[in-house]
Amino acid sequence: MHITIYSILPLTTSIVSISLGLLVLLNNIKAEINRVFFLSSLAVFLWLFCYSICYSTDNEKLANILLWIGCSAVLFISVTYYHFTSVLCYKKKEKKFALSLYYVVLLYLPFSFFTKYFHTGLYKYYFGYYSRVGPFYIYVIIIFMSIISRSLLQLFSTIKLKLLPANQLKQIKYIFLAYFISFFASIDFLPKYHVNIYPFGAVFFLFWSIIISYAILKHQLLDVNIVIRKGLIYSLLIATLTIAYLTLIITIEKLFQNFLGYQSFIISLVYATIIAVFFIPIKNKIQHIIDKAFYKGSTEEIAQENLFLRKEIADKERLKAIATLASGLAHEIKNPLTAVKTFTEYLPSKKNDPQFLDKFARIVNNEVGRIDNLVNQLLDFAKPAPLNLKDTVVEYLIEDTIAFLNNDFIKHNISIVKQYNPNEQHLLKIDQNQFKQALLNLFLNAIEAMSDDGGELIIGIAVKTTASDILCISIQDTGPGIAHEDIKHIFDPFFSKKDTGTGLGLAITQGIIQEHGGKISVETQIGVGTKFKVELPLYSRS
Amino acid sequence: MSKKVLIIDDVEGVRESLKLILSDYYNLIITEDAGQGLNCVENDQDIGLVLLDIKMPGYNGLEVLQKIKNVSPELPVIIVTGYKSVETATEAVRLGASGYIVKPFKAEEILDVVKKKMK
Ligand SMILES: [Mg+2]
């Protein structure tokens with residue numbers, strides 16, 4: 001077997017495709033969308049790889065089997081496309097249908113292998129062996145085309161009806177473009193019906209890979225990390241250069257054979273010269289240009305860009321939280337407004353009714369207080385004051401906060417269990433007032449949870465040593481626990497199960513902890529209690 | 001003896017407002033807890049109309065509406081809400097709400113809708 005020029009295009013495209021697929025898969029092996037994309041790229045790889053060998057081999061038996069495998073892979077491409085777009089557009093029903101299509105294709109395989117209805121053998125063209133198909137193969141093509149059209153339609157309607165957030169729509173536009181272009185690879189069906197043209201459909205899959213890669217690079221498609229993205233662009237670059245290089249080599253080899261006869265020494269020399277003169281410098285040059293275009297250069301800058309991206313995501317989350325907050329506030333503020341409005345409406349006609357006046361004084365005062373409270377908390381949330389960081393012994397701060405709430409603990413029959421040594425001193429660099437506010441909210445939350453039957457408030461402090469020392473503060477109540485469906489909302493502003501609260505306490509606490517570079521998490525068990533865990537970088541301990 | 005109006009709202013000021021507006025004309029059952037409200041619907045045959053808050057801690061008013069309609073399909077339910085959103089309004093009507101009032105409301109509006117829709 002000797003690689004011919006006709007094999008280069010499918011071979012390169014197959015390698016580009018599987019590399020892209022592997023990259024996407026390894027970047028997030030747990031994400032369904034990434035796994036399905038890998039399946040697509042695997043099918044593309046199988047198809048093109050098998051065919052590329054058929055263009056270079058003289059072994060008819062081998063070609064026959066490879067053509068069958070390649071041909072089957074083509075059907076899988078359509079099904080994985082459909083599967084991919086269904087997952088991408090969150091279409092659950094269509095995804096189920098896509099999954100059942102896998103079984104249909106699997107059932108088809110033995111038929112196409114053992115009967116002559118679909119595959120009857122092969123043609124020998126100037127470019128190599130190619131499938132020859134039977135009378136029923138046309139139905140396979142029709143099904144193939146319908147499935148792909150359906151996927152494209154799915155993407156199209158999602159874009160047209162704006163069914164997803166703007167950033168996702170942008171990604172879907174690229175996917176649509178890539179998948180639409182790859183559809184032109186259907187040109188490769190023609191030689192199966194004895195049309196004597198070179199099946200150059202792989203070109204469209206090269207475009208497919210390039211567009212998907214571009215979307216990954218510029219629009220975080222499939223959530224591929226930026227450092228890995230840099231790797232992606234280099235491998236694409238090297239793949240492209242390799243095609244050019246191989247084409248050049250083979251052309252030169254042909255020229256030498258025609259004019260000089262086969263002289264291996266000269267050929268090797270020419271290869272070496274080509275590599276030295278063109279390949280490596282060109283590769284470096286292009287790499288440099290790409291670095292400039294995408295990253296301005298150094299690794300520090302990449303890290304910087306990573307940081308920037310993360311901040312951008314955090315900002316978006318924050319904006320989303322503020323939007324929720326604003327709509328929650330609008331809703332919440334209408335309640336006190338209702339009361340004030342109704343009571344003032346009745347004031348003229350009831351100004352001599354002492355009972356009414358009593359109620360008026362109480363209710364209106366309460367409700368105005370409620371508005372005041374809402375606005376204050378909104379301000380707290382929207383504009384966190386700059387942190388005033390001071391070395392603080394966390395044990396003292398906790399003692400302070402407990403003392404502050406002592407009456408409430410007694411009133412609700414709550415006993416404090418300290419699972420730490422009060423004589424130890426762990427030092428944190430924190431804003432004392434804000435941090436105290438965060439603790440206070442957590443304690444109030446625990447008191448609220450146990451306000452009916454009393455219970456225990458268990459406070460723990462522990463040091464976790466990983467890359468650096470992390471201080472874990474745990475605050476656990478023995479209340480009723482939080483329902484499963486609520487747990488993911490408890491840090492959302494205005495999410496409250498209480499009659500008295502505004503639902504901002506935990507949102508504010510989370511904000512403060514995050515400002516300090518820490519994180520807060522929650523575990524809960526119905527009937528047992530709830531445990532909040534605050535983790536912060538430890539400054540020092542004694 | 002005329003039928004009673006059931007008021008379900010988690011905020012005292014709103015409950016007191018509705019009480020102020022309606023108590024001269026109707027018998028009222030007032031509760032801050034949606035579960036308790038549902039109990040009343042199940043056990044009290046004299047309830048002729050429900051004024052239901054849509055946002056309460058632990059409850060989605062639309063779910064409560066659905067439950068009321070399961071228990072007593074003929075009972076008119078008026079949704080009382082903080083803001084007018086087309087989706088919520090459509091959904092409420094689909095689930096069988098008889099009316100939709102936005103806070104802060106006028107006394108007249110409440111009296112009007114109760115008078116018209118009372119079973
Ligand atoms: Mg409410």
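How much accessible surface does chain B have, and what share of that surface belongs to carbon and sulfur atoms? The accessible surface of chain B comes to about 5500 Å², and 46% of it belongs to carbon and sulfur atoms. Please keep in mind throughout that this is a predicted model.

Of the 119 residues in chain B, 55% are buried, and among its contacts with a separation of 6 or more, 60% are between residues 24 or more positions apart.

Now to the interface. The size of an interface is often given as the accessible area lost when the parts come together. Between chain B and chain A that buried area is about 2200 Å², with carbon and sulfur atoms giving 54% of it. On the side of chain B, the residues that lose the most area to chain A are B:L20, B:K55 and B:P104, which together account for 26% of what that side buries. The contact draws on 25 residues from chain B and 27 residues from chain A.

As for polar pairing, the rule finds 7 residue pairs in polar contact across the interface of chain B and chain A, counting pairs with both residues at pLDDT 80 or more. Two helices of chain B, α1 (12-22) and α5 (107-117), each supply at least two residues of the side that touches chain A, and α1(B) gives the largest share of that side, with 8 residues. Sorted by class, the side of chain B that touches chain A has 11 nonpolar, 5 polar and 9 charged residues.

Side chains of opposite charge can pair when their charged atoms come close. The structure holds 17 salt bridges over all chains, and 3 salt bridges are found across the interface of chain B and chain A. One of these joins A:R362 to B:E12, at 3.0 Å from N to O. In another pair, B:E16 forms a salt bridge with A:K359, where the closest N and O atoms are 2.7 Å apart; this pair crosses from helix α1 of chain B to helix α11 (residues 354-382) of chain A. Are the two partners buried or partly exposed? B:E16 counts as buried because its relative accessible area is 12%, whereas A:K359 is partly exposed, at 25%.

Chain B also has salt bridges within its own helices. B:R94 and B:E91 meet at 3.0 Å, N to O, and both lie in helix α4 (residues 86-94), 3 residues apart, about one turn of the helix. B:R94 is exposed at 60% relative accessibility, while B:E91 is partly exposed at 28%. In helix α5, B:K116 and B:D112 lie 4 residues apart, again about one turn of the helix, and their side chains meet in a salt bridge at 3.4 Å, N to O. Here B:K116 is exposed, with a relative accessible area of 65%, and B:D112 is partly exposed, with 40%.

I will finish with one residue of chain A. A:D477 is placed in strand β7 (residues 469-477), and A:D477 counts as buried because its relative accessibility is 4%. A polar atom of its side chain lies 2.9 Å from the backbone nitrogen of A:G479, and, leaving aside residues up to four places away in sequence, A:D477 touches several others, including A:A446, A:M450, A:E456 and A:T530.

Conventions:
Residues numbered from 1 in each chain as written. Chains lettered and ligands numbered in written order. Predicted model: local features only at pLDDT ≥ 70, side-chain atom pairs only at ≥ 80, totals over all residues. Heavy atoms only, no water. Contact = heavy atoms within 4.5 Å. Buried area = accessible area lost by both parts, 1.4 Å probe. Salt bridge = Lys/Arg side-chain N within 4 Å of Asp/Glu carboxyl O. Polar contact = N/O pair within 3.5 Å; in protein donor to acceptor, adjacent residues only side chain to side chain. Nonpolar A, V, L, I, M, F, W, Y, C, P; charged D, E, K, R; others polar. Buried < 20%, exposed > 50% of the residue type's maximum accessible area, 1.4 Å probe, protein only. Areas by Shrake-Rupley, 256 points an atom, 1.4 Å probe, with all protein chains shown as cover.
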